[in-house]
Amino acid sequence: QVHYRSDYKPYPYDIKDVYLAFDLAPNATIVETTLTVQRKADISGEEPLCLDGVDLELLSIAIDDRELDESQYQLVDGGLEVLNVPESFTLKTKVKISPDTNTSLEGLYLSSGKYCTQCEAQGFSKITFYPDRPDVMSIFKVRIEAEADVFPHLLSNGNRIEHGEIEGGKHFAVWEDPFKKPSYLFALCAGDYDLLTSSFTTMTGREVRLEIYVDKGKLDQCHHAMESLKKAMKWDEEVFGLEYDLDTYMIVAVGDFNMGAMENKGLNIFNTKYVLASPDTATDTDFIDVEAVIGHEYFHNWTGNRVTCRDWFQLSLKEGLTVFRDQEFTANQTDHGVKRIEDVKVIRSHQFAEDAGPMAHPIRPDSYIEMNNFYTVTVYNKGAEVIRMYQTLLGRDGFKRGLDVYFERHDGEAVTCEDFVRAMEDANGYDLQQFRRWYSQAGTPEVTVSSDYDADKRQLTLNFKQSCPATPGQKDKEPFHIPVKVGLIDTLGNDIELKPVPLTQGAAKVEGDIVHLKSAKQAVTFDDVPEGVTPSILRGFSAPVKLHYDYSLKELTFLFAHDSDSFNRWQAGQELFSRVIFDLCEQQEKGGTLRFDDSVVSATKNLLDDASLDGQFKSLALTIPGVSTLLEQTNSINIDHLITARDFLKKQLAEKLELDWLLHYQTNRHLGDYEQDKESVSKRALCGTCLSYLMTLEKDSVYQLALKQLETANNMTDASIALQLIVHSNYEQKLKVAEDFYQKWQSEELVINKWLSIMATDPSDETIDRIESLLDHPSFELKNPNKVRSLIGAFTSANPRQFHRADGRGYEYLARQIKSLYAINPQVSARLTGAFNRWRKFDSERQQKMRQQLEVILSMPELSKDVFEIASKALKQD
Ligand code: ARG
Ligand code: ZN
């Protein structure tokens, strides 16, 4: 069944308040729900009361305390309809549910002996009968009752207003959330946790109690999360003037979680991966990710909870905006340039792939079969790029003014993307009519630029063209409003001042360094331009588009050495590497020995030696684009050639600069106590990159270096990169090294997940057999999404050589895992299925093999709609 955005109708009843009483038991939790219902003024008495409900056993139902008989309501697919209800009444329902057997991890479930919930998007309907849609907002009061010794902590949203003992060893707690909220923000947790507490004083002097609940024994791994939370609270006050609004802020970490975390009002639930971090178990990247996700969920309190979505098609309203906010937060805590590159890498490798595949959708989708399939890089990350463009167009102040208007108008409401655009427009008197197309059109726009220089007039003209490829259901696209940030660099490497000639007919408007593209073909001319200037286009990745400009190798090496915009400097290097790789692919088609221009080697060396650059930036700039990013840069490719070319380039750079990599490895290697300041993080990043080049040499001396790093590491960053490089090499003792690591860390689940990923991404031919047997390894558990992602997900997304084996065994492996998982966890299975989305890009034999597996998947009995949507769309695209 397909749901359409255009079908939206307001809910005919108000739910004035909700009282939920939980009597927790693994296989027989009883939920008694009392709703105070009021028919809306303009609605007729004929209108039935429709409630959602899935996998619920209805025990009783009453209106105003009178039991209903079966003629007064009907159970329908996915819910319940009550007929002929009065204008205002209380509805009482009692249902039985089974958290213990709920492996979907939606609704209420038991995870390692503790109860928790995940209600977004529509998991609340697995808890009780209710209008489970975000535009129905209500005041929630929750009573929880359970055995006191097993579940000493009973948590829900808001404030605890009552608690006490009950006979028989049970106890209870009552919670009240003073803020109206939709059901997807409901949360309940019950268990025996370790608790870290602290407090934060808000900008108006209110004291907020901060609490982090974790599995017993993990308290020492929570301090970073707590510090991150305080930083996020402070940052939102300082940058956006947004203050927290409850007396307590709780975070509960659980090991079984479908996504990263969830912003439930006052009671966030997190995947342990984004809470727990200590230097010996977490990498530098993990530390940053924890801070970012803590920030993300905290920022949702305003952008998501205080102002929420009217319907799920508007998801980007809260997610795009909140991702943008967490990106800015991280940039602020770390390094703006590095963070920008990291974010763009996600867009180019994942979002561009989504935009070009069968699941392509606008950031505000028009339809879905299963909403959970639309928590995508498009809605989240491209959505954040769209928000970033407002800031580019309106300036930081203008953007802030727009947000102020948005909150003034809509606090406490469930609204649409259109409401957001209008707030931005009205606050700034800025016409965003054409800009709205970013919400309605799918696909990645392509911008092609050429330049003409007129030496006599000293004028440089940039000619822009834009187009956007067809996507499923959207053949023709209208031009977008694309802000393109440009710079012109003189022969000495300095930016020159931009002097656009006054607007002529058909020319693009220029404001500061932003060129406003609005039609399919536009040009802009700059005055007073000296000879030999190199244009730097799409600085900072000012719009989520693919840029084509026919740079010469010389121009690219020049930009790589001189661009003042660190994003474009990185970009020049990436393009340089890509060029070489695609050229090497062509050489393989033709046969003959592989070769590439020496200028690439010297450009690499110059960057490595540039003392003015930060180590993390260097590490990014010296990393050759990944296979998935490269795949999105061509239409059809021989994957074997692509991987060979990439490996060849890396090995050549390693050989030709061997002493340089070694020197930089040694000078940046820090052997004293562990430090976590920016400089140490940078040095570790650069060392990792140097070592990864050196390892391609397959030299014993380098193996020894890596082993020594692994053995002596006092932090997980150094340890995990060394382990990965060893396991992915041909070192003959590698399995022994892997086994030792496993033995050492087997009690740290998050570390073992890294180990699983490293095993799964080994490019060697034995990997497929090894990961087959890892399914039975004590460290693996199919019901745990982190494990599935670490082993199976990593194999499909980060081991292109083995996943795309010519014999098709990689594809068969994936289909088999989906077969074992789809009934257990539909959401995670659907994500895995997405690994086949780009099947049409490959050679005909692989296409045929992937398609065959998609058909196998579609023929599985009682396939979940999650997996069905992905697999059927993958086959349908034409
Ligand atoms: N709103 C959460 C976040 O982005 C994501 C929860 C999505 N969960 C799901 N099962 N679809 O922070
Ligand atoms: Zn979010």
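Here are a few friendly notes on the sheet and the ligand site of this predicted model.

1. Let's start with the sheet. Eight strands form an open sheet with mixed pairing, and their order is β6-β5-β9-β3-β2-β12-β15-β14. At its edges lie β6 (66-67) and β14 (159-166), each of which pairs on one side only.

2. One strand pair is worth a look on your screen. Strands β5 (residues 57-63) and β9 (residues 88-97) run antiparallel and are joined by six bridges. If you want a landmark here, find Glu 57, which stands opposite Lys 96 in β9.

3. Now for ligand 1. There are 15 residues around ligand 1, and those that come nearest are Glu 120, Glu 263, Glu 297, Asn 372 and Tyr 380.

4. Where does the shell come from? At least two of its residues are supplied by each of β20 (261-262), α2 (284-299) and α3 (315-333).

5. Asn 372 has a side-chain N or O atom 2.9 Å from a nitrogen atom of ligand 1. For Lys 318, a polar side-chain atom lies 3.4 Å from a nitrogen atom of the ligand. His 296 places a polar side-chain atom 3.4 Å from an oxygen atom of ligand 1.

6. How much of ligand 1 does the protein cover? On its own, ligand 1 has 350 Å² of accessible area, and the protein covers 97% of that.

Key: Residues are numbered from 1 along each chain as its sequence is written. Chains are lettered from A and ligands numbered from 1 in the order in which they are written. This is a predicted model: local features need pLDDT of at least 70, side-chain atom pairs count only at pLDDT 80 or more; totals for chains, interfaces and linings use all residues. Side-chain values use heavy atoms; hydrogens and water are left out. Two strands pair if DSSP finds at least two bridges between them. Helices (H or I, at least four residues) and strands (E, at least two) are DSSP runs, numbered from the N terminus. A residue is near a molecule or strand if one of its heavy atoms lies within 4 Å of it. A polar contact is a pair of N or O atoms within 3.5 Å; within protein, one must be able to donate a hydrogen and the other to accept it, and residues adjacent in sequence count only if both atoms are side-chain atoms. Accessible areas come from the Shrake-Rupley method with a 1.4 Å probe; for residues, only the protein chains shown count as cover.
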